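Please look at the sequence and the structure shown below before reading on. This report is meant to be read slowly, with the model open beside it.

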Amino acid sequence: MPSTPVKTTTDETILLELVDEQGVTIGTEEKLTAHQAPGLLHRAFSVFLFDNRGRLLLQQRALGKYHSPGVWSNTCCGHPYPGEAPFAAAARRTFEELGVSPALLAEAGTVRYNHPDPASGLVEQEFNHLFVGLVRGRPDPDPEEVGDIAFVTPEELEKRHDADPFSAWFMTVLDAARPAVRELTGPSAGW
């Protein structure tokens, strides 16, 4: 029988699942502590949702976020609670942040990376589970989490990426998810 996810030790402390290089759980650590340099390897997820025209839903992280505020990034990203399946966490956080559930959500592999954030001094040392899917409803973002959203074509993403700040991890997770993105959106979308 699967264990029950552990959200917090108190209302203020969020625990993350620490993992080894193969993604096997080896313990837990408080969220902020896990992100302090040099960073502790922990489980994360990244979601890429597309509309029926093959455009990627981007989000701009809210200015109040303690890590990478105001930068553009993929549809949704975050951390499963200890014991929570990455798929369940991805669906949960997409709804919590964007007010919409994916119409389809599929696993798209994993990627491991180490990305320091020069602005905050925090480090993304993550074993990241990737998901791609479709969005059919109209997003209703939580302003505490999301500053803005945009649906973009590959060409529009390239222009925006050249002009605006993006999360340090964005290109790493997008490039790792591209085979699944292409399978989902088809060749005409250009991903």
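The structure is a predicted model, and every value given here was computed from it.

**The nonpolar core**

In soluble globular proteins, nonpolar side chains tend to be buried together. In this model the largest nonpolar core has 25 residues, and those with the most contacts inside it are Phe48, Leu56, Leu58, Leu157 and Phe170. Two or more residues each are given to this core by β3 (42-50), β4 (56-61), β7 (104-116), β8, β9 (146-152) and α4 (170-185), with the largest share, six residues, coming from α4. Apart from this core lies another, of 13 residues, among them Cys76, Val100, Leu105 and Val135. Leu56 touches, beyond residues up to four places away in sequence, several residues including Phe48, Phe170 and Trp191.

Helix α2 (residues 86-98) has 13 residues and reaches 18 Å from its first C-alpha to its last, close to the 18 Å expected at 1.5 Å a residue. Its buried residues include Ala89, Ala90, Arg92, Arg93 and Glu97, and what covers the buried residues of α2 includes β3, β4, β6 (76-78), β7, β8 and β9. Just after α2, Gly99 takes a positive phi of about 65°.

The count comes to 11 salt bridges, and the table gives some of them.

| Salt bridge | N to O distance |
|---|---|
| Arg92 and Glu96 | 3.2 Å |
| Glu97 and Arg93 | 2.9 Å |
| Arg178 and Asp175 | 3.0 Å |

An α-helix has 3.6 residues a turn, so residues three or four places apart point the same way. Arg92 and Glu96 are four residues apart in helix α2, and are therefore separated by about one helical turn; Glu97 and Arg93 are also four residues apart in helix α2, whereas Arg178 and Asp175 are three residues apart in helix α4. Glu97 is buried, with a relative accessible area of 3%, while Glu96, at 34%, counts as partly exposed. Salt bridges that share partners join Lys65, Glu84, Arg92, Arg93, Glu96, Glu97 and Glu145 into one network.

**A buried residue without a salt bridge**

Which side chain of opposite charge is nearest to Glu126, which is buried yet has no salt bridge? That side chain is Arg61, 8.7 Å away. Glu126, placed in strand β8 (residues 123-134), has a polar contact of 3.0 Å with the side chain of His42 and another of 2.5 Å with the side chain of Tyr113.

Note on methods:
Residues are numbered from 1 along each chain as its sequence is written. This is a predicted model: local features need pLDDT of at least 70, side-chain atom pairs count only at pLDDT 80 or more; totals for chains, interfaces and linings use all residues. Side-chain values use heavy atoms; hydrogens and water are left out. Buried means under 20% relative accessible area, exposed over 50%, partly exposed in between (1.4 Å probe, protein chains only). Lys and Arg count as positive and Asp and Glu as negative; His and the chain ends are not counted. A salt bridge is a side-chain nitrogen of Lys or Arg within 4 Å of a carboxyl oxygen of Asp or Glu. A polar contact is a pair of N or O atoms within 3.5 Å; within protein, one must be able to donate a hydrogen and the other to accept it, and residues adjacent in sequence count only if both atoms are side-chain atoms. A nonpolar core is a set of buried Ala, Val, Leu, Ile, Met, Phe, Trp, Tyr and Cys residues joined through side-chain atoms within 4.5 Å. Contact means heavy atoms within 4.5 Å. The expected span of a helix is 1.5 Å times one less than its number of residues.
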